[in-house]
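Hi,

Here is the structure I promised to pass on.

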Amino acid sequence: MKIREKLLLCLLLWSTCLVAQEQTDTIAPVELPPIIKDSLSAIAQEYITKDGLKAHLEILASNEYEGRETGLEGQKKAAAYIANYFDSEGLPKIFGDTSYYQPIAFTSNRWSKIELTIKGEKQRPLWNYYSYPSLNTSRDSFATEQIVFLGFGIDDERYSDYKEVDVKGKTILVFDGEPMSSDSTYWVSGAKVASDWSTDFRKKLKAAKQHGVATILIIDRQFQANLQPARKLILNTRLQIGAGEQPEKNYANNFFITSDLAKMIMGDTISKVIALRDQINSEGKPHSFETPTSILAIQKKRTRQVLGENVLGYIEGIDPERKEELVVLTAHYDHIGMKGETVFNGADDNGSGTCGVLEICEALLEAKKKGFGPRRSVLVMLVSGEEKGLLGSEYYAKNPIFPLENTIANVNVDMIGRSDKKHEADPRYIYVIGADRLSTTLHDINEQANLNYTQLELDYTYNDENDPNRYYYRSDHYNFAKKGIPAVFYFSGTHPDYHRPSDTEEKILYDKYVEVAHLIFYTVWELANRDERIQVNVKQ
């Protein structure tokens with residue numbers, strides 16, 4: 001029997017042994033085929049080393065990398081370092097065969113000044129009107145002495161309020177929703193179900209923009225119900241995924257107003273507005289008119305955009321029947337950057353996770369060269385934007401390069417190089433979070449790897465659903481767990497240097513650090529090599 005066939009047979013025997021082990025209530029050491037156990041141990045010892053971890057970390061956590069804040073020069077340098085490492089290891093460039101980067105834009109918008117004055121009386125924002133900064137073009141001021149009532153602001157082949165009406169450069173007033181006959185049939189859809197002119201108000205903003213409207217006022221007849229969710233979006237200044245809505249190209253400037261404010265704007269003509277609305281509903285034909293009024297609007301906003309990159313290295317599995325399935329190994333490589341001239345190096349957070357993943361990647365590649373798998377593929381993904389709100393992993397989960405249904409697990413590594421106060425007397429430990437939240441098998445695999453190889457203390461304190469720190473929801477694995485993908489998070493806890501300039505490389509506990517990296521390697525290897533993919537078996 002050839003050596004490769006012997007290895008595959010050993011893999012099958014080990015997998016069968018572990019499946020049987022999962023059916024018991026307790027975890028006990030499994031006697032592994034010596035050729036596998038000894039070879040994996042040798043690979044881990046040779047390719048995941050204190051010297052290797054230190055060599056990577058001394059670079060990525062140096063002042064030259066300026067704290068690796070997403071969107072800034074230090075993060076770009078770190079991304080290039082990771083990409084160059086993948087290239088040196090011979091990993092394929094999976095983005096058009098030219099790049100390891102998955103580019104991401106993060107954008108935030110907020111009002112620096114927002115005013116709406118009607119007939120000389122300044123109105124209160126988020127009281128009787130609201131306006132989304134992301135859906136408006138910034139402008140110093142806009143004034144008009146005329147307004148056009150334009151029905152429902154719809155421009156559809158079945159029904160159009162814009163037909164034969166010149167609204168270029170003007171302000172229009174429209175109702176929300178769409179016209180509906182007395183028997184509850186909608187004129188646009190021709191059915192008793194509303195069209196997307198009712199469910200997607202952006203269509204009205206786009207139609208107004210296409211017809212040259214300067215400002216569209218939408219009467220929100222559910223204003224009080226809509227105000228609270230609108231308030232949350234308007235006041236949220238955190239970066240959001242994406243390049244933004246580009247309102248200067250897509251939308252007319254807009255305000256959502258109460259019915260009472262519409263009465264104030266239209267004055268004595270409000271009765272005509274109501275009568276025409278009822279006539280439109282009855283006939284299914286548009287009606288409009290123009291009337292004098294005085295409106296002054298100021299909409300000045302600040303837009304902040306950050307461009308980051310996830311860096312992806314792909315290790316193809318060797319088993320033709322299983323290589324389409326995927327284990328995703330993640331760590332965020334960004335940190336919080338600089339304040340003035342002070343660099344926040346982020347050696348532990350999360351230089352330690354990043355460098356650990358690079359060493360694990362090298363060990364997996366060596367295992368593959370020696371014919372030890374991985375049978376399934378492994379995606380080694382270093383993400384940015386974690387410090388901005390888990391944005392890099394969220395972007396991948398929403399825009400996956402490989403189908404999420406083929407992703408069997410996420411293994412996430414965030415801060416594994418130090419000790420917290422609880423364990424300072426014996427730092428041979430690691431907090432394990434989330435492994436049993438979706439799959440008890442994932443928990444068992446990690447426990448078994450620890451028993452067979454590392455014998456660290458596995459601390460589940462932060463895995464308690466009632467733990468006030470809520471770490472399960474605070475690192476990149478959570479974006480995979482939300483998609484129903486089993487995920488485990490390795491974490492050493494916080495220390496006095498967390499998010500401080502003093503989180504530097506010389507404080508890393510390399511003896512502990514390398515052992516944790518070994519445990520993660522063994523867990524990833526088992527996930528990728530077992531005969532059956534792990535299943536979600538925990539009810540949520």
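**What I found**

Let me start with Glu-309: apart from neighbours within four places in sequence, Glu-309 is in contact with Gln-75, Lys-76, Ala-79, Tyr-101, Gln-102, Pro-103, Tyr-333, Leu-382 and Ser-384 (contact means heavy atoms within 4.5 Å). Glu-309 sits in strand S9, residues 289-315 (helices, H or I with at least four residues, and strands, E with at least two, are DSSP runs numbered from the N terminus). With 12% relative accessibility, Glu-309 counts as buried (buried is under 20% relative accessible area, exposed is over 50%, and partly exposed is in between, with a 1.4 Å probe and protein chains only).

Before you read on, some housekeeping. This is a predicted model, so to speak of local features I need pLDDT of at least 70, and side-chain atom pairs count only at pLDDT 80 or more, while totals for chains, interfaces and linings use all residues. Residues are numbered from 1 along each chain as its sequence is written, and side-chain values use heavy atoms, with hydrogens and water left out.

**Salt bridges**

How many salt bridges does a search of the whole structure find? The count is 29 (a salt bridge is a side-chain nitrogen of Lys or Arg within 4 Å of a carboxyl oxygen of Asp or Glu). One of them is between the side chains of Lys-50 and Asp-511, at 2.7 Å from N to O. Lys-50 is in helix H3 (residues 50-60) and Asp-511 in helix H16 (residues 510-529), so this pair ties together parts that are 461 residues apart in sequence. Lys-50 is partly exposed at 38% relative accessibility, and Asp-511 is exposed at 51%.

Arg-277 also forms a salt bridge, with Asp-278, and their closest N and O atoms are 3.2 Å apart. Asp-278 is partly exposed, at 38% relative accessibility. Then there is Lys-323 with Glu-316, a salt bridge of 3.5 Å from N to O. Lys-323 is partly exposed with a relative accessible area of 26%, and Glu-316 is partly exposed at 35%.

**Rings**

The aromatic pairs come to 27 (rings of Phe, Tyr and Trp, the last by its six-membered ring, pair if their centres lie within 6.5 Å; planes under 30 degrees apart are stacked, over 60 edge-to-face, and the rest tilted). Phe-201 and Phe-256 have ring centres 5.0 Å apart and planes at 80°, so the pair is edge-to-face. Phe-201 is in the loop between helix H5 (196-199) and helix H6 (202-210), while Phe-256 is in strand S8 (residues 253-257), so the pair ties together parts that are 55 residues apart in sequence. Phe-201 is partly exposed at 26% relative accessibility, whereas Phe-256 is buried with a relative accessible area of 4%.

Tyr-472 and Tyr-473 make an edge-to-face pair as well, 5.1 Å centre to centre with 80° between the planes. Tyr-472 is buried at 8% relative accessibility, but Tyr-473 is partly exposed at 28%. Ring pairs also link Tyr-429, Tyr-431, Tyr-462, Tyr-471, Phe-489 and Phe-491 into a cluster.

Tyr-429 has a charge over its ring too: the charged end of Lys-512 is 3.7 Å from the ring centre (this needs NZ of Lys or CZ of Arg within 6 Å of the ring centre and within 35 degrees of the ring normal). Lys-272 lies over the face of Phe-289, 4.3 Å from the ring centre.

**Backbone**

In helix H9 (residues 259-266), Leu-261, Ala-262, Ile-265 and Met-266 are buried. Down the axis of H9, the buried residues fall within an arc of 130°, so they line one face of the helix (the arc is that of the directions from the helix axis to the C-beta atoms). Just after H9, Gly-267 has a positive phi of about 60°.

Two cis peptide bonds are worth a look. Asp-349 and Asn-350 are joined by one, with omega about -10°, and Asn-350 is in helix H11 (residues 347-369). Gly-373 and Pro-374 are joined by another, with omega about 15°; Pro-374 is in the loop between H11 and strand S13 (377-383).

Finally, Met-415 has a positive phi near 70° and is not a glycine. Met-415 is in the loop between strand S14 (407-413) and strand S15 (429-433), and is buried at 3% relative accessibility.

Cheers
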